[in-house]
Amino acid sequence: IGPYVAAATAVVACGARLPVLDVNTARIISRVALGKDPGPRYSYDPLLRRLAERTPLGREELLAALDFAAQICTKKRPKCGVCPIRGMCKYYKSRAF
C-alpha cells in the first residue's frame, strides 16, 4: 500500500485527520497556493507535501475535496468563474477570464 491509499483509508474508514496528497488534492493545493498546475511527479514535490501536511483532512473534507476537484477544479477546463474559493486562488488571479 502506498502513502495515498494508506492515508485515504485511515481518513475515510477510521475517521483520522491526515494529509492526503493525490492528483486531485495536489491540483487544488497547487492552484490555490502556487497559482499553477502540479507537475507530473507531484507526490515527490517537497513543497506540495509540506502544504498538504499543513492541511490535514478529515473524512468530510477529503470527500468534499474530491467532489470539488471532479466538478469545479477539473484538470482540463476548471470552472473558475463559479468557484467558491476563487477570491483566494492564485491560479484564478493569474488568469484572464
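Start with the fold. The chain has five helices and zero strands. Read it along the sequence and the pattern is α-α-α-α-α.

Next, the dimensions. The C-alpha trace spans about 40 × 25 × 20 Å along its principal axes. How does the radius of gyration compare with that of a compact globule? For 97 residues, such a globule would have a radius near 13 Å. The chain has 13 Å, so the two agree.

Now burial and contacts. Of the 97 residues, 35% count as buried. Take the contacts between residues at least 6 apart in sequence: 52% of them join residues at least 24 apart. The exposed surface comes to about 6300 Å². Carbon and sulfur atoms supply 58% of that.

On to charge. There are 17 positive and 7 negative charges. Their mean positions are 8 Å apart.

How many salt bridges does the structure hold? Three. Let me take them in turn.

First up, Arg-17 and Glu-61. Their side chains meet at 3.2 Å, N to O. Arg-17 sits in the loop between α1, residues 3-14, and α2. Glu-61 is in helix α4, residues 59-71. The pair therefore ties together parts that are 44 residues apart in sequence. Glu-61 is partly exposed, because its relative accessible area is 36%.

Next, Arg-31 and Asp-37. The closest N and O atoms of this salt bridge are 2.6 Å apart. Asp-37 has 35%, so Asp-37 counts as partly exposed.

Then Arg-59 and Glu-60. Here the side chains meet in a salt bridge at 3.1 Å, N to O. Arg-59 is at 38% relative accessibility and so counts as partly exposed. Glu-60 has a relative accessible area of 55%, and is therefore exposed.

Now a residue I want you to look at on the screen: Arg-27. Arg-27 lies in helix α2, residues 23-34. Which side chain of opposite charge is nearest to Arg-27? That is Asp-37, 5.8 Å away. Arg-27 is buried, yet has no salt bridge. The cut-off for a salt bridge is a nitrogen within 4 Å of a carboxyl oxygen. Recall that Asp-37 does form a salt bridge with Arg-31.

What else does Arg-27 touch? Leave out residues up to four places away in sequence. The contacts are then Asp-37, Pro-38, Ala-69, Cys-73, Thr-74 and Lys-75. Asp-37 is on that list too, as a contact of Arg-27.

Asp-45 is found in the loop between α2 and α3, the latter being residues 46-53. With a relative accessible area of 28%, Asp-45 is partly exposed. Where is Leu-21 relative to Asp-45? The two are 24 residues apart in sequence. In space they are 10 Å apart, C-alpha to C-alpha.

To recap. The model is predicted. The chain has five helices and zero strands. The structure holds three salt bridges. Arg-27 is buried and has none.

Terms used. Residues numbered from 1 in each chain as written. Predicted model: local features only at pLDDT ≥ 70, side-chain atom pairs only at ≥ 80, totals over all residues. Heavy atoms only, no water. Helix = DSSP H or I, 4+ residues; strand = E, 2+ residues; numbered from the N terminus. Rg over C-alpha atoms; globule rule 2.2 N^0.38 Å. Buried < 20%, exposed > 50% of the residue type's maximum accessible area, 1.4 Å probe, protein only. Contact = heavy atoms within 4.5 Å. Areas by Shrake-Rupley, 256 points an atom, 1.4 Å probe, with all protein chains shown as cover. Lys, Arg positive; Asp, Glu negative; His and termini not counted. Charge placed at Lys NZ, Arg CZ, Asp CG, Glu CD.
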